[in-house]
Each structure stands twice: as C-alpha cells, then as structure tokens.
Amino acid sequence: MKHKTYNSRSEKETQKIAKDFAGRLVPGDVVCLYGDLGFGKTTFTKGIAAGLGIQDRIISPTFTIIRKHGVLQHVDLYRIESREQLTALGFEEILEDQDAITVVEWPEQAYDLLPKKRWDIRLELTLIEKDREIIITQHE
Ligand code: ADP
Ligand code: MG
C-alpha cells in the first residue's frame, strides 16, 4: 500500500494535483473519493477529467448518480439509500468496466462492493479555510 499526501491551498491547486494524478490512471481503474460535502471531491474529478483530456463540464451526478464523459465514468452515491438501488444501478458492473476509468464520490455507500485494487483519495479540511489535505492511497 502506497500513500502520498498533498496540501492544496485552493480549488485550482486541487485540480492541478488531480490532473497530475490522472497521468497514472489506466482503463479499468477505480478511484474512490472520500470527504464530506464541499471538501472537493467534484473539484478533484474535474482535474482528473482535465488530465484525461476531457473537455466536458463536470458536475456532481447527485441526481443522475452516473455520468459518462468519454473514458471517464463519474458516479455519485450520495443519494443511494438501499442495496436494491445499487443493484438496479448495476454498480458492480460499472466497477468492472475495463474500458472506463471510474470515479466514485461517497464510496462508503457501497464499501463492501469496492474492488481491492483501487485508488483511495481522502480529502480533509485543515485549520486554514481554503486548504485541503489530500491523501492518495494505491491499493494493489
Ligand atoms: P464535493 O464534491 O466534495 O461536495 P466540491 O468539489 O463540489 O465538493 O466543492 C468544493 C468547494 O470547496 C468548492 O466550492 C471550492 O471552491 C471550495 N474549495 C476551497 N478551497 C478548496 C481546495 N483547496 N480544494 C478544493 N475545493 C476548494
Ligand atoms: Mg460532489
């Protein structure tokens, strides 16, 4: 298990960290983004999209749950309330898509379905308002 910690001082810096991180991603990868509302999960996803050369506007798929942007599939499990909803969504199949890079906001909602091999990204607040601590863990 490899960890790397970054300190971001702005929304832009978070996007830059994510853009650089995207260079390490290959199709089939699953990226789980942890952190409370407003911590920067969607901001981080924007940076990943930029790093993958995707020009679409990225917004949280809070109501649609999933949005596809080329190779990137962006999932937001915030509103999921039951196992049945995850099954209906085909979440397990989504995770297994070897042609896509799958980014999941609120992965805690489906923790037992997450693949062992994945990237975990934790976003934390600090004592300074616009700072975020970003911890990237690679699970092989
Ligand atoms: P989430 O998807 O986790 O709910 P968003 O990425 O949608 O969060 O929102 C993050 C909010 O925090 C934005 O309003 C952004 O401008 C603000 N922000 C302030 N500082 C940072 C930072 N260092 N990194 C990311 N977002 C930041
Ligand atoms: Mg979000």
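The model is a predicted one, in which local features need pLDDT of at least 70 and side-chain atom pairs count only at pLDDT 80 or more, while totals for chains, interfaces and linings use all residues. Residues are numbered from 1 along each chain as its sequence is written, chains are lettered from A and ligands numbered from 1 in the order in which they are written, and side-chain values use heavy atoms, with hydrogens and water left out.

W106 sits in the loop between β5 (101-105) and β6 (118-125); helices (H or I, at least four residues) and strands (E, at least two) are DSSP runs, numbered from the N terminus. Its backbone stands out a bit: phi of W106 is positive, near 60°, and the residue is not a glycine. Most residues other than glycine have a negative phi. I65 is another non-glycine with a positive phi, here about 70°. I65 belongs to the loop between α2 and β3, and its relative accessible area of 13% makes it buried.

Three protein donors, T42 (OG1), S60 (OG) and E105 (OE), lie 2.2 Å from the magnesium ion (ligand 2). Donors here are N, O and S atoms within 2.8 Å of the metal (3.2 Å for Na, K and Ca), and because water is not among the atoms, sites may look incomplete. Along the chain, the donor residues of the magnesium ion are spaced T-x17-S-x44-E. T42 is in helix α2 (residues 41-51) and S60 in the loop between α2 and β3 (66-69), so this pair ties together parts 18 residues apart in sequence. T42 counts as buried at 15% relative accessibility, whereas S60, at 26%, counts as partly exposed.

H74 lies in strand β4 and counts as buried at 0% relative accessibility. Leaving aside residues up to four places away in sequence, H74 touches T42, S60, I65 and E105, among others, a contact being heavy atoms within 4.5 Å.

Helix α2 itself is mostly covered, with eight of its 11 residues buried. They are K41, T42, T43, F44, T45, G47, I48 and A49. These buried residues pack against α1 (11-22), β2 (30-34), β4 (72-76), β5, β6 and β7 (132-139). G53 follows α2 and has a positive phi, near 80°.

Ligand 1 is surrounded by 16 residues, the closest being E11, T14, G38, K41 and T43; a residue is included if one of its heavy atoms lies within 4 Å of the ligand. On the T14 side, a nitrogen atom of ligand 1 is 2.6 Å from an N or O atom in the T14 side chain. Oxygen atoms take part too: one is 3.4 Å from a polar backbone atom of F39, and a polar side-chain atom of T43 lies 2.6 Å from an oxygen atom of the ligand. Taken alone, ligand 1 exposes 570 Å², and the protein buries 77% of that. Accessible areas come from the Shrake-Rupley method with a 1.4 Å probe; for residues, only the protein chains shown count as cover.

Turning to charge pairs, the structure holds five salt bridges, each a side-chain nitrogen of Lys or Arg within 4 Å of a carboxyl oxygen of Asp or Glu. One of them pairs D131 with R9, the closest N and O atoms being 3.5 Å apart. D131 is in the loop between β6 and β7 and R9 in the loop between β1 (2-8) and α1, so the bridge ties together parts 122 residues apart in sequence. D131 counts as buried, at 5% relative accessibility. In another, D29 meets K117, with 3.6 Å between the closest N and O atoms. D29 comes from the loop between α1 and β2 and K117 from the loop between β5 and β6, so parts 88 residues apart in sequence are tied together. D29 is buried too, with a relative accessible area of 6%. The side chains of R83 and D112 also form a salt bridge (3.1 Å, N to O). This pair links distant parts of the chain, 29 residues apart: R83 is in helix α3 (residues 83-89) and D112 in the loop between β5 and β6. R83 is partly exposed, with a relative accessible area of 36%, and D112, at 45%, counts as partly exposed as well.

Key. Buried < 20%, exposed > 50% of the residue type's maximum accessible area, 1.4 Å probe, protein only. Polar contact = N/O pair within 3.5 Å; in protein donor to acceptor, adjacent residues only side chain to side chain.
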